[in-house]
Amino acid sequence: MLWSLIKILSFVAMVMLVSFGAGQLMEAQGGVTIEYAGFELSFGALQAALLFLGLLITLWLLLKLFGLAIALLRFINGDETALSRYFDHNREHRGFEALSDGLMALASGDGRDAMAKAKKADRLLNRSDLTNLIVAQAAVANGDRQTAEATYKKLLKEPKTRFVGTYGLLQQHLQDGDTEVALKLAKHAFALKPQHGETQDVLLKLQAGQEDWHGVRATLTAKLKHGTLPKDVHKRRDAVFALSQARDLRAEGKLEEAQSYAVEANRLAPGLVPAALLAAEGYREQNNGKQASRILRAAWQLAPHPELAAGFAALAPDEAPTARLKRFAQFAKGTEPHAETKMLMAELHVALADFDGARQALGEHAKTDPTMRALTILAAIERGDGADDQSVRQLLTQAISAQRNPQWICENCGHVHHDWEPVCLNCEAIDSIAWKHPPMSEAVSPDMLPLIVGHMAQEAANLPPLLEPEGLIQPGEDAAKTVTDDMPLKK
């Protein structure tokens, strides 16, 4: 408010000053006389002041007109002037407005309008790095693959848009299913911008699809380096692909090199069952049963699994059932509460025809978690204890319709696999195969530990090794006949 008062007072003072000056000029005597070529002009004091002011204004206008003429000539000549800057600014404004409209059209899914606006912006701005990208995206949205590909190729010419062009072409080839070219583009895009997370994922998936395990591990290391992959996840997946390398090398007959990768995979992820099995198998072939046993027991302590028990049994395939029971008791020590340990020990006791021991080992598991395998073991125990056929058949009927045994299942799509795989065979998800119970509708033939019930008529010492496929009760078979007809009763 004070500033407004000062401005008002200043205006009033200026008006008063001008009025005072005009009054003084009007009262002043004399004036100005101009004589030229016989002409004489006389002006009073006030007239002379106004004439002088008019001359100054006229001179200012003439100078401005002269400057405008000079600027016009320079503008016509192509030089930068205020006039050219005005037109350039206006052109740029209209160009960015068209670019903005193109982005809005692209966001709304109107590919045709987005392309038209982008082309207009290109004419006005002459910024192909901005407009070509919108043209390409609009062409993709509009289904014009040819224009999109041609525009992406234009982006490859400029260093600052080269990655965008490469990534756009990569997406096109992925949509076309051309994985060979897509892999080359993904490697090129990764070389241009190794920290780009989506490029890393695409490259990783393509390399895994091509079973380029060495390349996959290098990409995983890059993801860890650039912070797009947690350290624990990297360690687990590095183990998965080290195991994949070991499997391929083993198939090629390069056993020593395969063993080194298998041991590395087991070191990185001791709980990875296939890694422990492969490393143990390599040590067994080297007659290093102690090291093989140590690896399998360490994996069992982390997560008991029937394939680990199979691998441990294979270390001494010809041992007597009594010796096997004693060896497995040490193997499973510390994991007695686990369901897998209970069923394993119950089966070993069944193999010895020690049905009281089998019942004690199984405990209440068949009631608390009535899976197919648990109920089948209980049926074998009941048959061995002399239960009537009707009771045994009732248990086996329950077993056939009970929860299926765990399988290798993709946690991403739910696809059931017969064996563990590093990449899901259905959805191509990486390291998604887990050992879990399948849905009833998707269960396949279960990989149960055999009860050897089809061979129990033999003497206990002559029983086949635990974990051989003979005697396995498969869904759809006459399980009751298998148990009741061939199993000896408890004496």
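Helices (H or I, at least four residues) and strands (E, at least two) are DSSP runs, numbered from the N terminus. The model here is predicted: local features need pLDDT of at least 70, side-chain atom pairs count only at pLDDT 80 or more, and totals for chains, interfaces and linings use all residues. Residues are numbered from 1 along each chain as its sequence is written, and side-chain values use heavy atoms, with hydrogens and water left out.

**Exercise 1. A residue on the surface**

Find the helix that holds Phe-52, and decide whether Phe-52 is buried or exposed.

Solution. 
- Step 1: Phe-52 belongs to helix α2, residues 45–77.
- Step 2: Recall the classes: buried is under 20% relative accessible area, exposed is over 50%, and partly exposed is in between (1.4 Å probe, protein chains only).
- Step 3: Phe-52 has a relative accessible area of 54%, so the residue is exposed.

**Exercise 2. A cluster of rings**

Work out how Trp-300, Phe-312, Phe-328 and Phe-331 are linked.

Solution. 
- Step 1: Start with the rule. Rings of Phe, Tyr and Trp (its six-membered ring) pair if their centres lie within 6.5 Å; planes under 30 degrees apart are stacked, over 60 edge-to-face, and the rest tilted.
- Step 2: Seven aromatic pairs come out of this rule. One is Trp-300 with Phe-331, a tilted pair with 5.1 Å centre to centre and 50 degrees between the planes.
- Step 3: Trp-300 is in helix α14 (residues 289–302) and Phe-331 in helix α16 (residues 321–331), 31 residues apart, and the pair links distant parts of the chain.
- Step 4: Check the cover. Trp-300 is buried because its relative accessible area is 0%, and Phe-331 is buried because its value is 1%.
- Step 5: Turn to Phe-312 and Phe-328. Their ring centres are 5.0 Å apart and their planes are at 85 degrees, so this pair is edge-to-face. Phe-312 lies in helix α15 (residues 306–314) and Phe-328 in helix α16, so the pair ties together parts 16 residues apart in sequence.

**Exercise 3. The charge beside the cluster**

Find what lies over the face of Phe-312, and then find the salt bridge of Arg-327.

Solution. 
- Step 1: A charge sits over a ring if NZ of Lys or CZ of Arg is within 6 Å of the ring centre and within 35 degrees of the ring normal. Arg-327 lies over the face of Phe-312, 4.2 Å from the ring centre.
- Step 2: A salt bridge is a side-chain nitrogen of Lys or Arg within 4 Å of a carboxyl oxygen of Asp or Glu. Arg-327 makes one with Glu-319, at 2.7 Å from N to O.
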